[in-house]
Amino acid sequence: MSEIPQTSVKLPMLDISQPILHPSSLSSLAEAFKTWGFLHITNHGISKDLFRKLYSLSNGLFSLPSDTKLKLGPFSSAKTYTPHFIASPFFESLRVSGPKFFESAQTSANVLFDQHNSEFSEILQEYGSKMTELSKKIVKIALMSLGDGLVKKFYESEFQNCHGYLRINNYSAPESLEDHEDEVEGLGMHTDMSCVTIVYQDEIGGLQVRSKEGKWMDISPCEGTLVVNIGDMFQAWSNEKLRSSEHRVILKQPVNRFSLAYFWCFEDEKVIFAPDDVVGEENVRIYKPFVCLDYLKFRESNERGKFEKVGFTVRDFAGIKQQAKCDS
Ligand SMILES: O=C(O)CCC(=O)C(=O)O
Ligand SMILES: [Fe+2]
């Protein structure tokens, strides 16, 4: 199915437990943010045991009969469950919203399970809280990479109302790969609408990022690390000094794949407008100001996964047309 041989991208590894960054590591981060919009983080403080528990509890949940899971969406009031055949035939997911991850998880668990058990919700509260702390750190590091003094100037005023939600993703095994196919799409090409996203992928692999030249590159799983990527909102806010890259998930093996994606987002009513300090004197502004929710609605109302055919990106939504440049 793939015409171009795939290769792995070498992303910088950021030790998130270290507060002080040398100018040289900041500039290599700035370069990675601009070129790929992706990096790995290590020493994130989430134990193997927590991942193991989350995996096993989620597995139990996704193994429930379809009828049970469909009580949570997409046509019920809860709308936390996305069944197969919405994003792809292989993809299903459960959404857990912050900051009260316990309550959000428990609301879903109460619908799914007869017996009352709060273990799932407790684990999600722990994971969600840790993701929230990590997201705040990552936003600050991204601001540091954009220039001196920007954390002080913009972190509180622009990012203090951010909120997060988690998507637990289950990719079922593609059992019958057609003769001519050696892989199928588990999740089609998209950009995230967040400021930043933190992804845990299991050892199966399959996450890919699209280079500026349009080449798909593997983001190989690396034990003990998490993948961080920039979303559309931060791309627009940074006047594209931070890149929200297209990515997808492909399934090459007849096995189940599990991932967790945590989205750290601006509040719905926020007006996104790149500050002058970020745009810089010699640069042109690439985006018109826009309200966050309006972009979310624009994306929702368009068919998913068709970015290459029709303009459904944040550039198409709020890009200043005469200044817009084309990446591919
Ligand atoms: O499953 C993955 O590794 C990534 C998922 C993803 O890109 C998303 O949920 O937006
Ligand atoms: Fe994504």
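Predicted model: local features only at pLDDT ≥ 70, side-chain atom pairs only at ≥ 80, totals over all residues.
1. A term to start with: helices (H or I, at least four residues) and strands (E, at least two) are DSSP runs, numbered from the N terminus.

2. Two cis peptide bonds deserve a look. One joins glycine 98 and proline 99, with omega about 0°. Another joins glycine 73 and proline 74, where omega is about 5°. Proline 74 belongs to the loop between α3 and β4 (81–82).

3. Next, the metal site. Which residues are the protein donors of the iron ion (ligand 2)? They are His190 (NE2), Asp192 (OD) and His247 (NE2). These donors lie 2.1 to 2.2 Å from the iron ion. Along the sequence, the donor residues follow the spacing H-x1-D-x54-H. Histidine 190 and aspartate 192 are both buried.

4. Now ligand 1. There are 14 residues around ligand 1. Those that come nearest are Arg167, Tyr171, His190, Arg257 and Ser259. Note that His190 is also a donor of the iron ion.

5. Some side chains reach oxygen atoms of ligand 1 with polar atoms. For histidine 190, the distance is 3.0 Å. For aspartate 192, an N or O atom of the side chain is 3.2 Å from an oxygen atom of ligand 1. For asparagine 169, a polar side-chain atom is 3.4 Å from an oxygen atom of ligand 1. How much of ligand 1 does the protein bury? Taken alone, ligand 1 exposes 300 Å², and the protein buries 99% of that.

6. Where does ligand 1 sit? Its place is the largest cavity. Four strands each supply at least two residues of the shell around ligand 1: β6 (163–171), β7 (184–190), β12 (247–251) and β13 (257–265). The largest share of that shell comes from β13, with 4 residues.

7. Glutamine 201 is worth checking on the screen. This residue lies in strand β8 (residues 196–201). Is glutamine 201 buried or exposed? Its relative accessible area is 9%, so glutamine 201 counts as buried, because buried means under 20%. The side chain of glutamine 201 has two partners to inspect. A polar atom of this side chain lies 2.8 Å from the backbone oxygen of isoleucine 219. The side chain of glutamine 201 also makes a polar contact with the side chain of arginine 257, at 2.8 Å. Arg257 is one of the residues that come nearest to ligand 1.

8. Serine 66 is found in helix α3 (residues 66–69). Its relative accessibility is 47%, so serine 66 counts as partly exposed. Serine 66 and glutamate 267 are 201 residues apart along the chain. Their C-alpha atoms are separated by 33 Å.

9. Finally, check the backbone angles of two residues. Asparagine 43 has a positive phi of about 50°, although it is not a glycine. Asparagine 43 is in the loop between β3 (38–42) and α2 (48–62). At 45% relative accessibility, asparagine 43 counts as partly exposed. Lysine 79 also has a positive phi, near 55°, and is a residue other than glycine. Lysine 79 lies in the loop between α3 and β4. Why does lysine 79 count as exposed? Because its relative accessibility is 56%, and exposed means over 50%.

Notes. Residues numbered from 1 in each chain as written. Chains lettered and ligands numbered in written order. Heavy atoms only, no water. Donors = N, O, S within 2.8 Å, 3.2 Å for Na, K, Ca; no water. Buried < 20%, exposed > 50% of the residue type's maximum accessible area, 1.4 Å probe, protein only. Near = heavy atom within 4 Å. Polar contact = N/O pair within 3.5 Å; in protein donor to acceptor, adjacent residues only side chain to side chain. Areas by Shrake-Rupley, 256 points an atom, 1.4 Å probe, with all protein chains shown as cover. 1 Å grid on protein atoms, 1.4 Å probe; cavity = no way out; pocket = protein on both sides within 12 Å on 5 of 7 lines; lining within 4 Å. Sits in = over half its atoms within 2 Å of the grid points.
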